[in-house]
Amino acid sequence: AAVRAECVSTCKNFILNHLTLSDDCYANLCKRHRDPDEKVRLEAVKVVYAIASEDITRMTPELFLILQVCGYSSVSNSQEGGDFSDFYYGGDRYFTPSTFRR
C-alpha cells in the first residue's frame, strides 16, 4: 500500500509538468481512487484536489468526477474564483461562464 500511495503522490508532478507522461498518470489516479486501501484512496483524492487547485486546465472529466464523488463539488478554485461546477469541458480546455461574457 505504501508503494501505491507514493506512486499516486508523484502523479501530481507528472501531470502538471510533464505532459508526455500525463496520460499514464490520469489512468493511475482513476484506478487508485478505487483501491482497496483507504490510505491510497485518500492520497488519490488529495492529488486530484491539488491538481485542480494549481491548474484547472489539467483536469479531465474523470478527475472532476472523483472530486464530485468525494464531496468537493463546491470547493473554491483560487485561480478563477468560482467552484468546479462552473467549469465546462470544451474539447481540450475548460471554460467558465465568465469566458463567454463580454
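This is a predicted model: local features need pLDDT of at least 70, side-chain atom pairs count only at pLDDT 80 or more; totals for chains, interfaces and linings use all residues.
1. Residues are numbered from 1 along each chain as its sequence is written, and side-chain values use heavy atoms, leaving out hydrogens and water.

2. Start with the largest nonpolar core, which has 22 residues. Such a core is a set of buried Ala, Val, Leu, Ile, Met, Phe, Trp, Tyr and Cys residues joined through side-chain atoms within 4.5 Å; buried means under 20% relative accessible area, with a 1.4 Å probe and protein chains only. Leu 29, Val 48, Ile 51, Met 59 and Leu 63 have the most contacts inside this core. Helices H1 (2-17), H2 (22-32), H3 (38-54) and H4 (61-69) each give two or more residues to the core, and H3 gives the most, with seven. Helices here are DSSP runs (H or I, at least four residues), numbered from the N terminus.

3. Next, look at H1, where Ala 5, Val 8, Cys 11, Ile 15 and Leu 16 are buried. Their cover includes H2 and H3.

4. In H2, the buried residues are Ser 22, Cys 25, Tyr 26, Asn 28, Leu 29, Cys 30 and Arg 32. They pack against H1, H3 and H4, with contact meaning heavy atoms within 4.5 Å.

5. Finally, Ser 22 of H2 counts as buried because its relative accessibility is 6%. Leaving aside residues up to four places away in sequence, Ser 22 touches Phe 14 and Ile 15.

Terms used: Buried means under 20% relative accessible area, exposed over 50%, partly exposed in between (1.4 Å probe, protein chains only).
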